[in-house]
Amino acid sequence: MDSSEPFHMLDSYAESIADLEPADGEVETAELAVSDDVLVKAFALGPGAELEAHDHPDSTNVFHVLEGTVTVVQGDESEAIEAPGVVHHERGVDHGARNETDETVIFTASLCPLPS
């Protein structure tokens, strides 16, 4: 490889979230990985934004907090999770997220297996 040529990384995170710039109260998303059995999606929450609580009856969902501090809701509980952080949501458990800070927060959600 010629040292003047750019090295292409396997990591697509930076490119995938480059256009995510949510305004206050807005949620923007980008798909990072999609296959027959897994979905990894990035969520960018502007200040005051909320991802409404929901469940996945047949799938496990894992949040990876990558930038900022996001308040994760799980059932009747909530907790501020600072990057880097990981939160596991069992199948069928209501979960969501909200941004109670003045900065954009970014986390991924990995869903496996995909609902049929």
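Two strands are treated as paired if DSSP finds at least two bridges between them, and strands themselves are DSSP runs (E, at least two residues), numbered from the N terminus. The structure is a predicted model, in which local features need pLDDT of at least 70 and side-chain atom pairs count only at pLDDT 80 or more, while totals for chains, interfaces and linings use all residues. Residues are numbered from 1 along each chain as its sequence is written, and side-chain values use heavy atoms, with hydrogens and water left out.

An open sheet is formed by 5 strands with antiparallel pairing, in the order β1-β2-β9-β4-β7. The edge positions are taken by β1 (27-34) and β7, each of which has a single partner strand, so one side of each is left without a neighbour in the sheet. On average, neighbouring strands of this sheet are turned by 20° against each other, direction ignored; axes for this value are lines fitted to C-alpha atoms, and angles run from 0 to 180 degrees between N-to-C directions.

Strand β7 pairs with β4 (residues 60-67) in the antiparallel sense over 5 bridges. Within this pairing, H64 stands opposite V86 of β7, and V65 stands opposite G85. In a regular strand the side chains alternate between the two faces of the sheet. Buried here means under 20% relative accessible area, exposed over 50%, and partly exposed in between (1.4 Å probe, protein chains only).

The loop between β6 (77-82) and β7 (85-89) contains A83. With a relative accessible area of 24%, A83 is partly exposed. Leaving aside residues up to four places away in sequence, A83 touches V65, L66, E67 and G68, contact being defined as heavy atoms within 4.5 Å. The C-alpha atom of A83 is separated by 8.9 Å from that of I106, 23 residues apart along the chain.

N99 counts as buried because its relative accessibility is 2%. A polar atom of the N99 side chain lies 3.2 Å from the backbone oxygen of G46, and a polar atom of this side chain lies 2.7 Å from the backbone oxygen of E103. Beyond residues up to four places away in sequence, N99 touches L45, G46, P47, G48, A49, T69, T104 and V105.

Key:
Helix = DSSP H or I, 4+ residues; strand = E, 2+ residues; numbered from the N terminus. Polar contact = N/O pair within 3.5 Å; in protein donor to acceptor, adjacent residues only side chain to side chain.
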